[in-house]
Every structure is written in C-alpha cells, then in structure tokens.
Amino acid sequence: MQIVVTLSHVPDTATKIKISSDRKSIDPAGVSFVINPYDEFAIEEGLRTKEKFGGNVIIVSYGNDGAKESIKKALAMGADKGILIKGDLNVDSLTVAKALATKISELKPDVVFCGKQSVDYDSSAVAQMLAELLNLPSISTVVSLEFSDGKLKAKREVEGGLEIVESTLPAIITAQKGLNEPRYASIKGIMAAKSKPIEEATFDASQNKLSVNELRLPDSKRKSRIFDSEDASISELVRLLREEAKVI
Amino acid sequence: MKFEGVDYYHIDDLLFDDEKMARNTIREFVDDKVLPIIEKHYREGTFPMHLVPEMAALGIFGATLPEKYGCAGLNNVAYGLLMQELERGDSGIRSFASVQSALTMYPIYTFGTEEQKDYWLPKLARGEKIGCFGLTEPDYGSNPGGMITRAEKVDGGFILNGTKMWITNGSIADVAVVWAKWNGVVHGFLVEKDFKGFSAPEMKGKHSLRASITSELVLDNVFVPDSHWLPNTQGLKSALMCLTQARYGIAWGVIGSAMVAYTTALDYAKSRIQFSRPIAGYQLIQAKLVWMLTEITKAQLLVLQLGRLKDQGKARYTHVSMAKRNNCEVALEICRVAREILGANGILDEYPIMRHSANLESVKTYEGTHEMHTLIVGEDITGIPAYE
C-alpha cells in the first residue's frame, strides 16, 4: 500500500509560549518543537498498516526547515521517506491543504493518515479540506481501524458514543487519541533514518486569504476565592470544583 | 512533566542530530516507563524486569556494537547520552544496561570467537539473555590481580573454582563472564546459569542500588567447555578493558542523577517560602544552586570531549578514570546539597533525591574507587605507581 502521513511540527504543549516582537507570531527561541501529538497516532497507524500489508510510508509536511527535525523522528520511527513543502508559516488552513494536496496527489496514496488536529492553531480543518481537494472520502476522529477487501471500516468518536463507518479506498483518516500507542524511535531506527531521504519542495502561498492581526497571551491573573471551614462553604467549594472548574 | 535537561552552556549545539534524537528517545522512555514505577521497585528492593524487553526494543543493549550482531552501531557520545538518561531514571537501570553492554557484550565482542559472537550477541541485544561480569572477589576489590578463582584445564574444557562478589545482575543472568586464573594468568570464561556447580545467590540488605540485583557467584568445580573460553583475553588487562567501557558509561550516567537533583532543588527553592519569600532568593541557597549548575556543566564538557576522543580512538583509560572520578564525586555531592535545600522534605521518596544520593554512594566506589582512579591518573602523570 502507498501510505501517506501528514505531519505538523508544533511547539511542545509543555513549553512556555512567548510572542515575537511583531506580535503576530510565536518567538521560537527557547521553544521546543515536537511532532504534533495527534500526528504521532497517524504515523503509528501508517507504520502498522505497512507492517500488515506492505508498502511505503511517506511523510508529507508543510513548514520551514525546522520541521525536518520532526520528519527525521518519523523516519526513525520507521517511515520510509519524507517530503517537506517549504512555505510561509503564517497562512490559513486552506493554503496548507492546497500545498499538501499538490504533493499528495502525485504520490497516488491508497490511504492518507492525518492527526485529527494540530495542537498549535487547533483549526481541525486541513485534513477535511485535503479530502475535498483530492476528491477522497474522509473519516475523522478515528479510534479504531480495519482494512479488508480494498475497503476500510473505522470506529470514530461522536458526541456521547461511537460511530462505525465503512469507506472505499483511497481515503483520508484523521487519528484520535486511543487509535494506538505510538512507538518510540528506536536507536536502530535513528541510525537507519540517517540514510533515508527528505525531499524538499516549495509552494507558492500567495493565494493565502487569512492574516493574523495580533497574537496575545491569555490573561494570567487567577481569580482566587477563600472558603472558610463551615459545612455550607465546603458544599459550595465542591459544587464549584464540579460545575465550574470541572475537576471532580 | 517532561524533563527538559540541563544545558546552561548550549552544549546541545555541540551534538549531532542523531545523538540528540537518541538521547531524546531514551528521555521519553524514562519519563513514561521508568519514573512512574521506580520508587516502588526501590522500596521493595526489586529490579523492574518488565523493562528489559522494552530497553532491548529501543536498542540500548550493546548499542555501539555493529549491526551484523543486531546492534545499532552508535557512536560513543550517543551511547553516553543514553547512559545519562537511564541514570536520570535510576542508577540501577543504568547499571543493568552497563553490565549487559559494556561488561557482557563488549568482552564477548572483543575477546570471543566468531561462533561465540554469533550465538550470544544478538540474544543479549534482544534482551532474551541477560549477562553479568564476575571479576571482584570478597577479598580482592581494588586489587583484582590477586584473585583466588582458578581454572584448571581438563579434557574438553576447564574446571573453575572460586567465589565472586558484588556482581550486578548475577541472580538474573543467563551467562556470566567469569575471570579466573589458569596457570597464573587471568582468562575470561562464559559460564551459563545451569552449569553444574554454579550458583548466584542474591546479596540482601543494601541501602543503595535497591532497584538492582547484586549477587555472589559461587563456582564449585564447574565444568566449562572449551567452546566457552574467551580465547582472545590477554590477562588482567582484558578484564580492565571491559571496566574502562563501563566506567565511561558511568561518567556520563551520573550526570543524569546530578541533573535530577539540581532541577528538583531549583524548583523547590523557587516555591518554598520561608520568612515570606522563596528560599531561592537567599544568597546561601543561590550559592548552592550556582555551584551545582557549574559542576554539572563542567561534568558535561568533560564527558563530551572524552566521548569525542573515544570516537577518534584517542581516549586512554586514564582519561576515563579522570571523568569517572570527577563526575561521580560531584554528582554525589550535588545530591547531598540538593537534599539540604529540600530540608526534611528531601528525605522523602516523594522526591527522587535521596534515592539518587544513596545510589551514588555505590557508584562512587564501584568500577574503581575514587581513590584508585586518583592513583591511576597520578601514576599516569608522574610515572610512579602509588598503589604498589
């Protein structure tokens, strides 16, 4: 099978984000970047699919040179080849989808795995746009997947339950947490990745329609309340923890 | 919380991408798989055996050996970084990997026949077989050349007699690399666990390296076939070559423990309020933190250059002694100072410091005591051996 996995190189969710002096982008200094966690599920599913049915796993990413670090990690996990489409990072989802579609259509995939969203801008839009551009069916938020007789059957999360759907191939799958447990890049995999190719391409992003006016950090002031030890206060605290903070 | 490492001097800029990736993959593994379970194993005095297949799948065992034996062919700097991350988890986990790699696979690779290598190395790399290394004896520690264990040539093999002590992994090992004197010269032998007359009782009562197995090896008229003699060993020097490999890993490993102690103490000092301000704001605490960070940075630079020398074939055993000696001493001292910053909280297993500190008490003296490494470097620079 020709298996394509899209990859987004995003700031680590544990990292402290700082905004650049232009107030429109994230200051990359001191920020560690990682493979988008949902894309890790997509990579793992791609690798498992290859292990079952044979074929190639090709990683396609839109980004700058920094993304090579994450592509290399995907190669170390076991993917066969990486493609980095270089372009301006401050673009809308449709531009990213178009950039990916141009390259992915050339690859003639049997299946495309994407993360259900990337944890930087959280638009949850690229994979579905990509499906439209490639004229392929897409199944989102998938937690379990089976291939048989040139078709696939997927369980996907819906509000309050699971939906089981079938699709012809090729198709686009977006991976939800729970689909699998991503493997570590092994030491041997890391050594093997040194000789795996990363192809570079460029994309003209001039048709981008969305621009960022300003980025702002959330208000960091915490609203504190102090409760006394009266029974009524404790009940109120429990209610707030349950209903407002939603932590219990 | 993910561990971000300690890198005040941008030492990461001196590392190649694959070296950083190798480190980061083990870092993730330690965060996910070691830290959640290690305190329990430490308290109960058990080694987490379930981690062995996972460490094998990651390619940790014999990582520097060639691919033809199922190994990764990693360079020495990357190998050192793996040891650093494993020891950040626990010295017992790093010790397991050191013994499997530097003290079992390395001697088989270096002194073994092609048949021995083909048979043992892939199994040891996959973690299907566990190894240990028997050199030290109850009465011969710093002076291993005085060993009592003897090999006697008989038809088809050797008869081994003697006792080894302080053997990491002894009771769980499938094969022991045992050093014994044959006609007065030290030779290496592969002793399998089910050989008649061989036993490996576990040593109990340790206050250190509790998440690691330490054993005696008892050899009572053990017949070892010729096929299990390591033919390319050349006296005690061969055993010491193995120790140089293991000491190299230790010099890197203890930096992991030091990093944990430092970052724990720094976080604690910033949040612990006394006299209405964080204790990190007091000069005496700052002096301790700055000293810790400076020593970590010096230790990092020491092993990085040592690793580069080793990869160029220029590292001598005396270079390794200097790094082992220095890094173990400062790592232990950093743990002690960190414990002081945490005050009473520092003794609880809620924090990892006391465990690392207790481990490093052993690490400072095993694989050559601090004193012996001083004398090794002392002899090297003066030409006069002070230990004879």
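User: Let a polar contact be a pair of N or O atoms within 3.5 Å; within protein, one must be able to donate a hydrogen and the other to accept it, and residues adjacent in sequence count only if both atoms are side-chain atoms. How many residue pairs are in polar contact across the interface of chain B and chain A?
Analyst: The model is predicted: local features need pLDDT of at least 70, side-chain atom pairs count only at pLDDT 80 or more, and totals for chains, interfaces and linings use all residues. Residues are numbered from 1 along each chain as its sequence is written, chains are lettered from A and ligands numbered from 1 in the order in which they are written, and side-chain values use heavy atoms, leaving out hydrogens and water. Across the interface of chain B and chain A, with both residues at pLDDT 80 or more, the number of residue pairs in polar contact is seven.

User: Which element gives the largest share of the side of chain B that touches chain A?
Analyst: Two elements of chain B each give two or more residues to the side that touches chain A: helix H1 (17-44) and helix H2 (51-58). Helices (H or I, at least four residues) and strands (E, at least two) are DSSP runs numbered from the N terminus. With ten residues, the largest share of this side comes from H1(B).

User: Which residues of chain B lose the most area to chain A?
Analyst: The contact (heavy atoms within 4.5 Å) takes 22 residues from chain B and 15 residues from chain A. The two chains bury about 1,600 Å² between them, 60% of it on carbon and sulfur atoms; this is the accessible area (1.4 Å probe) lost on being put together, summed over both. Together accounting for 31% of what the chain B side buries, the residues that lose the most area to chain A are B:Asp18, B:Met21 and B:Leu58.

User: Is B:Lys204 buried or exposed?
Analyst: B:Lys204 forms a salt bridge with B:Glu202, the closest N and O atoms being 3.7 Å apart. B:Glu202 is partly exposed, with a relative accessible area of 31%. B:Lys204 has a relative accessible area of 67% and is therefore exposed.

User: By about how many helical turns are B:Glu333 and B:Arg336 separated?
Analyst: The side chains of B:Glu333 and B:Arg336 meet in a salt bridge at 3.2 Å, N to O. B:Glu333 is partly exposed at 32% relative accessibility, and B:Arg336 is partly exposed with a relative accessible area of 33%. Because they are three residues apart in helix H8 (residues 317-342) of chain B, the separation is about one helical turn.

User: With which side chain does that of B:Glu85 make a polar contact?
Analyst: B:Glu85 belongs to helix H3 (residues 76-89) of chain B and counts as buried, at 0% relative accessibility. Leaving aside residues up to four places away in sequence, B:Glu85 touches B:Phe3, B:Arg23, B:Ile26, B:Arg27 and B:Val30. The polar contact of 2.9 Å joins the side chain of B:Glu85 to that of B:Arg27.

User: Which strands stand at the edges of the open sheet in chain A?
Analyst: The nine strands of this open sheet follow the order E9-E8-E7-E10-E6-E1-E4-E5-E11, with mixed pairing. Strands pair if DSSP finds at least two bridges between them. Each edge strand has a single partner strand, so one side of each is left without a neighbour in the sheet; the edges are E9 (161-168) and E11 (198-202) of chain A.

User: What is the bridge partner of A:Ile85 in E11(A)?
Analyst: Strand E5 (residues 81-86) of chain A pairs with E11(A) in the parallel sense over five bridges. A:Lys86 also lies in strand E5 of chain A and touches A:Glu200, A:Ala201 and A:Thr202, among others. In E11(A), the bridge partner of A:Ile85 is A:Ala201.

Terms used. Buried means under 20% relative accessible area, exposed over 50%, partly exposed in between (1.4 Å probe, protein chains only). A salt bridge is a side-chain nitrogen of Lys or Arg within 4 Å of a carboxyl oxygen of Asp or Glu.
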